[in-house]
Structures are given as structure tokens and as C-alpha cells.
Amino acid sequence: MSEKTRIYLQPWPIRIWHWINASGIIILILSGAQIRFPETLSIFSSYKSAIEVHNTAGIIVAISFSFWFFYYKMVKNTLDKLYIPDEEDIKHGLVRQLLYYCFWYFLGRPSPYHATPDHKFNPMQKSAYLAVMFVLMPLVGLTGILLLNVTPLRVLVLMWGGIKVIVALHFLLACSLLAFLCTHVYLATLGDYIKPMLIGWEDVEEHEEAEPAPEVVIPGYRPVRHYPEYERELLEQRHS
Amino acid sequence: MKPADLQKMSLLAKLALCAWALAGLIAQANAWGFSYGDQTANNQACLSCHGKTGEVPKGTYIDPQRFTQTAHANLGCEACHATVPANHPDGNKVPKADCRECHSGISEEYARGLHASKTACNGCHNPHLVQNPKDVSGQEINMICSNCHNSLEMTAKHGEWLPQSELHLRMLPCITCHTGARDYYISMYIVKSKGDSRFGKREVAEYDELKTMAGGRPIVSLIDTNRDNYVSLEELRVFNRTQTSLHLYGMMTPATVSHKFEILDSRRNCSFCHTSGSGPMQTSFIAVPEADGTFLRVPVEKGAVLDALYAAPDFYMMGSTKNAKLNQIGLAIICCGLIMPVGHGFVRFLTRKNRKQKEHQS
């Protein structure tokens with residue numbers, strides 16, 4: 001028998017940041033597309049308004065990114081734990097999650113990972129967010145800031161290899177972010193991810209018969225966190 | 001021979017003589033109108049004094065080297081200063097021709113523009129130095145404008161509506177926006193970093209500096225390595241990769257120059273340049289400085305400024321200079337992002353019964 005409990009997964013500052021970031025990135029993609037392909041796209045009324053919207057949205061996203069970093073690193077101090085995959089994630093978690101998405105999900109089996117406030121992301125999420133939030137976003141933001149201030153930051157522009165290198169990098173990084181966005185939105189529909197990002201709470205099924213995880217006695221074994229299935233298997237082995 | 005035949009022959013001879021004389025006159029007229037002949041010797045008489053700084057008042061000095069390169073030198077001094085008195089120099093000013101006598105079309109065009117009430121032809125052009133705009137760099141054209149229009153003031157004024165105004169004013173000849181030209185090309189000129197550093201302040205490279213760098217060879221050989229008077233994309237890439245202190249700056253320059261100066265509303269619309277497509281970006285030239293102050297105009301292979309990285313690394317115009325290969329790579333990246341939603345989504349749809357069954361069981 002099981003009953004539903006609620007856990008507070010996404011605190012309000014993160015929810016506000018997420019949706020500012022999401023709308024900002026969508027506006028950046030649309031305005032950026034018009035800036036690059038003005039002869040085929042006219043989403044905004046004029047080329048100048050597309051540039052102004054792009055610049056404003058870029059500054060807002062850059063500020064919100066800084067806020068995100070400050071909040072997780074300084075206020076909650078959980079940035080490393082949330083975003084950097086640990087040894088177990090790399091050794092087994094990634095493969096397990098990949099197998100779930102590629103096979104188990106289609107067979108109707110449950111996700112091997114369950115989110116908690118301190119471990120919100122599965123190993124694949126961790127790896128993807130690590131690349132997006134620590135490489136793509138900072139790089140696209142920095143190249144954008146350089147393009148916004150070509151004359152005052154002339155030396156920095158030259159240090160990066162010149163304006164054409166920066167433009168090429170900015171464009172390809174933006175394409176990568178759009179590619180990530182497509183995957184991110186799709187994967188959000190595979191589980192209960194959208195509701196917690198809107199209201200903060202997630203409904204979790206809790207099994208009454210579930211006992212606390214036993215102490216592990218196998219020499220050299222490291223406990224796998226947050227994989228209920230795996231923990232159940234261990235429990236069964238112990239009882240038998 | 002009959003007397004009548006003799007009379008006929010005499011008439012034919014007279015007609016032939018008239019035709020020859022008329023042909024001679026036409027030829028002479030053509031010679032005056034279209035082939036000015038060699039006026040060097042005639043000019044030399046004037047330049048023997050006016051070509052020396054110490055011998056004439058400052059305002060009447062004429063740089064012989066630069067004057068010789070002008071179209072006016074071919075006409076000769078007397079074409080404009082016809083009535084030089086026999087007792088010259090007598091302290092009186094020598095009369096000079098009105099530009100309108102030859103350039104009536106340009107004069108009429110100029111009279112319709114904003115400059116007409118501000119200055120005359122000589123406000124911008126020194127007739128002893130003037131050259132065709134195609135034969136000079138875009139930066140050289142702007143130097144004429146900056147004689148009256150203060151650069152800082154203009155940057156501030158344009159900055160009221162133009163984003164990154166300093167960058168725009170540095171990368172465009174004023175006439176691109178302030179005359180109603182239709183066709184454009186990219187005019188490139190050589191700049192040099194101070195202290196031979198890649199990051200040093202960049203200024204227009206002087207002839208002497210470039211000559212030294214070329215090591216006795218013509219300056220153009222720094223870029224046009226095979227000396228065929230044509231710069232290929234590969235030659236440009238090699239130049240940009242190997243030269244640390246020399247760089248090429250480009251300007252979108254009108255192919256035909258109008259003298260009607262105006263403030264055109266269409267140029268306030270960014271799309272005039274930025275949605276101009278790759279067409280005007282295909283043609284480009286490099287203005288290489290010569291010893292006499294003129295420029296050698298070297299054509300560049302088509303599409304230099306559209307190259308992804310190295311053919312013209314310092315020339316970028318949003319929307320117009322996008323590289324096709326980069327677009328393809330970008331599209332490929334986006335398609336990779338669609339593999340999961342499309343591929344996984346399709347299998348998800350096919351296996352939807354499995355999940356419903358499990359939910360029902362639980």
C-alpha cells in the first residue's frame with residue numbers, strides 16, 4: 001500500500017529564475033534568428049527593434065544567470081552537489097539512466113532515479129546541466145557581452161581571435177543551446193518535472209512497507225543513493 | 001581631255017581639299033576634347049616655382065608628385081589659369097576657372113544637396129590633389145569630411161539613434177549614408193598595430209612603414225604574393241594568419257559617387273545595410289598606398305568578407321556577412337537536438353500501451 005506525500009523540490013527563487021531564463025532564451029533565439037537571417041525572418045517589427053530586444057534580453061539573462069550562480073553557490077551552497085556528477089553517477093548512474101530512457105521507459109518500468117531537494121537531478125541531467133550551465137551559458141554570455149561592446153572591449157575581442165571568431169562562436173553556441181532546449185523540453189514531458197517548476201511541490205508515492213535502508217556490509221561497496229529499485233533489491237537479498 | 005572634264009576634276013579636287021580640311025578640324029577638336037596630350041612640359045614651367053616650398057607663398061605651393069597623378073594635370077595649368085599676365089609674379093592673384101565650366105552636371109547635383117549653402121567645391125576638394133574616389137581608400141574619403149565635421153561630435157550626434165556609433169563611423173565612409181548611391185563594394189585599407197603588437201592601437205599604415213616591411217619589394221607583394229595584381233582568398237588568409245601587426249579594415253563604399261549630400265531616412269533604417277544580403281559583399285578591393293600619395297587599387301577574389309574566419313577577420317556586418325558553411329553547421333547542431341524529441345517521441349507513441357498497462361497494474 002502506498003500514499004502520496006509532497007516534497008518541496010523547487011524553491012521560489014529558482015522557479016522565478018528558471019522562467020525568466022526560459023523566456024529570455026526563447027526571445028534571444030527568435031531575435032537572434034532575425035538578426036542573422038533578416039532577409040527571410042521578420043518576427044520583430046524592424047531590424048533595429050530585433051537588435052534592441054536581443055540586447056535587452058541578453059542582459060536580463062546574463063543578470064539572471066549571475067543570480068542563479070550566487071543563489072546556489074553562496075546562499076544554498078549546493079551548487080557542486082547538485083551539478084557535478086559524483087563517482088557513482090559516472091560509473092553506473094549515467095548508463096542506468098540512459099538504459100531507462102532508451103529501453104525501460106518504453107517497457108513501462110519506473111525511473112531508476114527519484115529527485116529530492118538535495119539531489120534534484122539524475123546523472124544524465126547533471127552531466128547535461130554541467131555542460132550547459134558551466135560551459136555553454138557562460139561562453140554565449142561572454143561572447144554576447146563582447147559583441148555588445150566591440151569598441152570599448154577591443155583588446156578582449158582581439159584576444160579571442162577577432163570579431164569573426166567571436167561571432168562564429170556566439171552563433172554555434174546559440175545553436176547548441178537551441179538543440180539543448182528541444183531535448184530539455186521534451187524530457188520534461190517524460191516525468192513530473194513541469195509541475196514542480198511551476199508550484200515548487202512534487203507529489204511522491206511513499207510505500208508504507210518501505211524500511212530504512214540497511215547498513216551495507218559488502219567490503220568496498222559504496223551505497224547508491226536515490227535509486228529505490230536498487231535499494232529494494234539489496235533489501236530482498238538481505239532478507240533471503 | 002575636254003574642258004568640261006577638266007572643270008569636273010577641278011571641282012572634285014576642291015571638294016576633296018574641303019573634306020580633308022574639315023576632317024583635320026574635327027580631329028583637332030577631338031584631340032582637344034578627349035586627349036589632352038602631354039602637358040608635362042607646359043606644367044613644368046609653373047611647377048619650377050610652385051613646386052618648391054620656399055619660392056612661393058604657402059597657399060600657392062603645389063605638390064608636384066601628387067598633382068601629376070590628378071586628371072587636372074593632364075589638362076595643364078593653363079586650362080584653369082588661362083590668363084596669367086606676362087609680368088607674373090606681380091603680387092596680384094592669378095585668375096582661376098570656375099569648376100562649373102567643366103563639371104556642370106556635378107555642380108547642379110551639388111546645388112540640390114545640404115552642402116550647397118555651406119561651402120563650394122574647394123571646401124572639400126583641392127583641385128591640385130583631387131582624385132577619383134575609386135582610387136583612394138574609404139578612410140581617405142572620410143578624412144575630407146573630418147576637416148569640417150569633428151569626429152567626436154559626429155560620434156555623439158549619431159549615437160543618439162545609432163547603436164555602437166563609433167564603430168559604425170569608423171567602418172563606413174560618410175558618403176555611404178549621406179549620398180543616394182545604389183551599388184556598393186568593400187574597400188579595404190591597411191592598418192598597423194602600434195609597437196608591432198597584435199593588440200596595439202591600430203592606425204592607417206603609412207607608405208614608408210609598409211615599404212620598410214616589404215623589404216625593398218613593392219608593398220602590394222605583402223598581400224599579393226604571386227604579384228598577379230589579384231588577391232585570392234588564400235593569399236588573404238595567409239596574410240591574416242602570418243602578419244601580426246598588419247591588418248585589413250573594410251568599408252562599404254558606394255560604387256558610383258553622388259555629390260548631392262543629404263540626410264536619408266532610409267539609412268536610419270538598419271535594414272538598408274544589414275539586410276542587403278551577400279550581393280554587395282561579394283566585390284572588394286584593397287587600396288595599397290603608393291609613393292606619390294595615391295593608392296593602387298587591387299581587386300580581391302569574390303566573397304572575401306563572407307569567408308568564415310580568416311579572409312577578412314576584421315570586417316563583419318550583422319545579417320549581411322554570414323558564412324554559409326557556419327549556417328550549415330548550426331543547422332546540423334539543431335537537428336541533433338531534434339533527434340531526442342522526434343526519435344524518442346515516435347517510439348514513445350508506439351509503446352504507449354506498455355506504460356498504460358503498468359499504471360493499471362499498479
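Predicted model: local features only at pLDDT ≥ 70, side-chain atom pairs only at ≥ 80, totals over all residues.

Guide: Apart from its neighbours within four places in sequence, Ile186(B) is in contact with Gly250(B), Met251(B), Met252(B), Met281(B), Thr283(B), Ser284(B), Val305(B) and Phe315(B). Ile186(B) also belongs to the largest nonpolar core, which has 65 residues, and it is named with Ile286(B) and Ala287(B) as having the most contacts inside that core. Helix 7 of chain A gives the most to this core, with eleven residues. As a general point, nonpolar side chains in soluble globular proteins tend to be buried together.

Helix 7 of chain A leads on to the contact between the chains. Chain A puts 32 residues into that contact and chain B puts in 37 residues. On the chain A side, at least two residues each come from helix 1 (12-36), helix 2 (47-75), helix 4 (87-107), helix 6 (154-159) and helix 7 (163-188). The largest share of that side, 15 residues, is from helix 7 of chain A. Sorted by class, the side of chain A that touches chain B holds 22 nonpolar, six polar and four charged residues.

Helix 4 of chain A, one of the helices on that side, also packs within its own chain. Its axis and that of helix 5 (residues 123-148) of chain A come within 7 Å and cross at roughly 105°.

Chain A as a whole has nine helices and two strands, in the order β-α-α-α-α-α-α-α-α-β-α along the sequence. Of its 240 residues, 25% are buried. Where contacts in chain A join residues at least 6 apart in sequence, 70% of them join residues at least 24 apart.

Chain B, which holds Ile186(B), has 17 helices and five strands. Buried residues make up 22% of its 362 residues. Among its contacts between residues at least 6 apart in sequence, 67% are between residues at least 24 apart.

Helix 13 (residues 233-242) of chain B shows two sides. Leu236(B), Phe239(B) and Asn240(B) are buried there. Because these three cover an arc of only 90° around the axis, they are on the same side of helix 13 of chain B. Strand 5 (295-300) of chain B is included in what covers the buried residues of this helix. Glu234(B), Arg241(B) and Thr242(B) are exposed on the other side.

The loop between helix 12 (207-214) and helix 13 of chain B contains Arg227(B), and Asn229(B) is found in the loop between helix 12 and helix 13 of chain B too. Arg227(B) is not a glycine, yet its phi is positive, at about 55°. Asn229(B), also a residue other than glycine, has a positive phi near 60°. Arg227(B) counts as exposed because it has 10 C-beta neighbours inside 10 Å. Asn229(B) is exposed as well, with 11 other C-beta atoms within 10 Å.

One further backbone feature of chain B is the peptide bond from His88(B) to Pro89(B), which is cis, with omega near 0°. Pro89(B) lies in the loop between helix 5 (77-80) and helix 6 (104-111) of chain B.

Note on methods
Residues numbered from 1 in each chain as written. Chains lettered and ligands numbered in written order. Contact = placed C-beta atoms within 7 Å. Helix = DSSP H or I, 4+ residues; strand = E, 2+ residues; numbered from the N terminus. Nonpolar A, V, L, I, M, F, W, Y, C, P; charged D, E, K, R; others polar. Core = buried A, V, L, I, M, F, W, Y, C linked by C-beta atoms within 7 Å. Buried ≥ 20, exposed ≤ 12 C-beta atoms within 10 Å, placed from the backbone. Arc of directions from axis to C-beta. Axes fitted to C-alpha atoms, helices over the stretch in contact; angles between N-to-C directions.
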